[in-house]
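My entries follow in the order I made them.

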Amino acid sequence: MFSEKEIQKIRNQFPILKEKIYSNPLIYMDNAATTQKPLNVIQASQNYYSTMNSNVHRGFHYLSHKATIYVENVRKKIQKFIHAKHSSEIIFTKGTTESINLVASSIDTFIKEGDEIIISCIEHHSNIVPWQVLCKKKGAILKIISIYENGFLKLTDFEFLISEKTKIVSISHISNVLGIINPVQDIIKKAHEYGALVLIDGAQVPSNLDLDVQNLNVDFYVFSAHKMYGPTGIGVLYGKKKILEKLYPYQFGGEMIKNVSFDKTTYSDLPFKFEAGTPNIEGIIVWGDAIDFVKKIGISKIQDYKKKLLMYAVKRLSSIDGIQLYGDDRDFSKKSGIISFNLYELHCFDVGSILDRFGIAVRTGHLCAQPLMNFFKVSGMIRISFSVYNTFKEIDYLIESLLKTKKILLK
């Protein structure tokens with residue numbers, strides 16, 4: 001558990017937290033959408049453009065060589081961070097969404113009519129639509145794991161749905177709406193028994209849980225930098241080397257080719273086979289500094305602190321009359337720092353708008369999970385999500401502001 005002094009030291013590294021919103025101190029609780037950036041990350045961005053701006057893997061001059069070394073060092077840093085076996089298994093993409101699209105597009109030659117793909121009811125749209133498109137294109141069948149009223153997956157459903165026809169299982173590690181940590185290791189093991197490949201959407205994971213892709217034995221794992229204090233526009237697809245080598249490239253052009261003639265083109269080896277065009281060089285390099293920030297604090301300490309914030313927030317929120325918490329069964333060992341709720345008779349957009357006037361940033365709406373909203377029979381929810389720079393005092397202020405918001409809207 002961090003002391004108040006330690007939390008303040010962490011907060012001092014985030015310049016944006018000193019901002020005023022409508023004359024109120026900024027209370028940022030939209031971390032599941034994107035996290036704020038610490039000084040070392042902001043300074044790393046400036047340092048890149050000031051000292052090494054150049055294209056990579058293409059030039060023999062000093063700046064290109066320097067930038068290339070930095071990029072490849074970050075690839076190795078990510079490899080170690082997630083415990084991948086080879087650095088060539090780390091494919092740079094624009095983010096989690098593109099990583100899923102890459103797999104769905106590249107694997108289509110292995111999908112035939114009548115094959116089946118399994119996802120769940122709680123998925124983000126980015127882990128629904130690419131598989132819908134693939135199924136429509138190939139005549140495959142999309143099957144859905146349902147959930148209990150508390151938002152947890154019905155694993156008995158999964159065991160009923162999976163068969164020798166299943167080719168892909170694609171599941172989120174942590175729900176971006178409910179904060180539930182899914183039993184992905186059990187799902188991976190069962191899927192492999194039927195010869196199916198598994199993709200795990202880990203968008204909410206890298207700054208919440210210690211990640212070991214080899215221990216999970218997962219085939220594909222995807223996540224982004226911007227939800228772990230890094231820049232937007234850069235993410236990773238991890239894939240087992242033996243599987244990635246069999247897949248067809250997702251995009252074509254520079255960087256991903258070995259030889260080109262008008263008669264024939266041969267593709268580069270991993271990882272460059274899947275990295276067409278000029279990459280987000282600055283984003284990759286700066287991501288390395290975000291990883292350093294996380295490692296310096298410690299994943300386990302961040303996880304423990306966010307769990308304490310979660311428990312305190314659930315307790316305080318539960319005291320409000322007319323509140324509906326979703327995915328709430330008080331088993332905090334299976335939850336991350338995300339809470340979604342609604343207030344009786346109040347629209348989530350109205351609540352979010354008033355909270356904004358109090359300086360509190362929350363997410364409102366369908367949260368890119370409309371099928372889950374349909375399950376709960378709501379048009380949208382209010383979501384708060386914590387980071388290491390949030391405090392118990394901010395939660396108290398949130399509760400006070402929600403009570404004021406109720407009075408304002410129910411006049």
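**Cysteines**

I began with C368. Its sulfur is 13 Å from the closest cysteine sulfur, in C348, which is too far for a bond. I counted a disulfide as a pair of cysteine sulfur atoms within 2.5 Å. C368 is partly exposed, with a relative accessible area of 22%. My classes were buried for under 20% relative accessible area, exposed for over 50%, and partly exposed in between, with a 1.4 Å probe and protein chains only.

I went on to C135. The closest cysteine sulfur to its own is in C121, 17 Å away, again too far for a bond. C135 counts as buried, at 5% relative accessibility. I found 0 disulfides in the structure.

**Ground rules**

I noted that this is a predicted model, where local features need pLDDT of at least 70, side-chain atom pairs count only at pLDDT 80 or more, and totals for chains, interfaces and linings use all residues. Residues are numbered from 1 along each chain as its sequence is written, and side-chain values use heavy atoms, with hydrogens and water left out.

**The sheet of 4 strands**

In which order do the 4 strands of the open sheet run? I read β13-β14-β17-β16, with antiparallel pairing. Strands here are DSSP runs of E with at least two residues, helices are runs of H or I with at least four, and both are numbered from the N terminus. Two strands pair if DSSP finds at least two bridges between them.

The edge strands are β13 (323–326) and β16 (363–365), each pairing on one side only. Neighbouring strands are turned by 30 degrees against each other on average, direction ignored. I took angles from 0 to 180 degrees between N-to-C directions, with axes as lines fitted to C-alpha atoms, for helices over the stretch in contact.

I then walked through the pairs. β13 and β14 are joined by 4 bridges and run antiparallel. Y326 stands opposite S340 in β14. β14 and β17 are also antiparallel, with 4 bridges. There the bridge partner of S340 is R383 in β17. β16 is joined to β17 (residues 381–385) by 3 bridges, antiparallel. R363 stands opposite R383.

**Strand β14 and its cover**

Is β14 enclosed or open? I found 6 of its 6 residues buried, so β14 is largely enclosed by the rest of the structure. I338, S340 and N342 point one way, while I339, F341 and L343 point the other way.

Helix α11 (residues 299–318) lies across β13, β14 (338–343) and β17. α11 runs at about 10 degrees to β14. I checked L317 for contacts, meaning heavy atoms within 4.5 Å. Leaving aside neighbours within four places in sequence, L317 is in contact with I323, L325, I339, F341, I384, I399 and L402.

**Cores**

I defined a nonpolar core as a set of buried Ala, Val, Leu, Ile, Met, Phe, Trp, Tyr and Cys residues joined through side-chain atoms within 4.5 Å. The largest one has 112 residues, of which V169, Y221, W287, L317 and I339 touch the most other members. Helix α10 (residues 281–297) gives the most to this core, with 10 residues. Another core, of 24 residues, lies apart from it and includes A104, I107, I111 and L270.

I looked at α10 on its own. The helix is mostly covered, with 13 of its 17 residues buried. At 1.5 Å a residue, its 17 residues should span 24 Å, and its end C-alpha atoms are 25 Å apart, which agrees. The expected span is 1.5 Å times one less than the number of residues. G298 follows α10 and has a positive phi, near 105 degrees.

**The sheet of 7 strands**

The order I read is β4-β10-β9-β8-β7-β5-β6, an open sheet with mixed pairing. β4 (90–93) and β6 (141–145) stand at the edges with a single partner strand each, so one side of each is left without a neighbour in the sheet. The twist averages 20 degrees from one strand to the next.

I picked one pair. β9 (residues 220–224) and β10 (residues 235–239) run antiparallel and are joined by 5 bridges. F223 stands opposite V236 in β10.

G59 counts as partly exposed, at 26% relative accessibility. G59 touches S64 and H65, not counting residues up to four places away in sequence.
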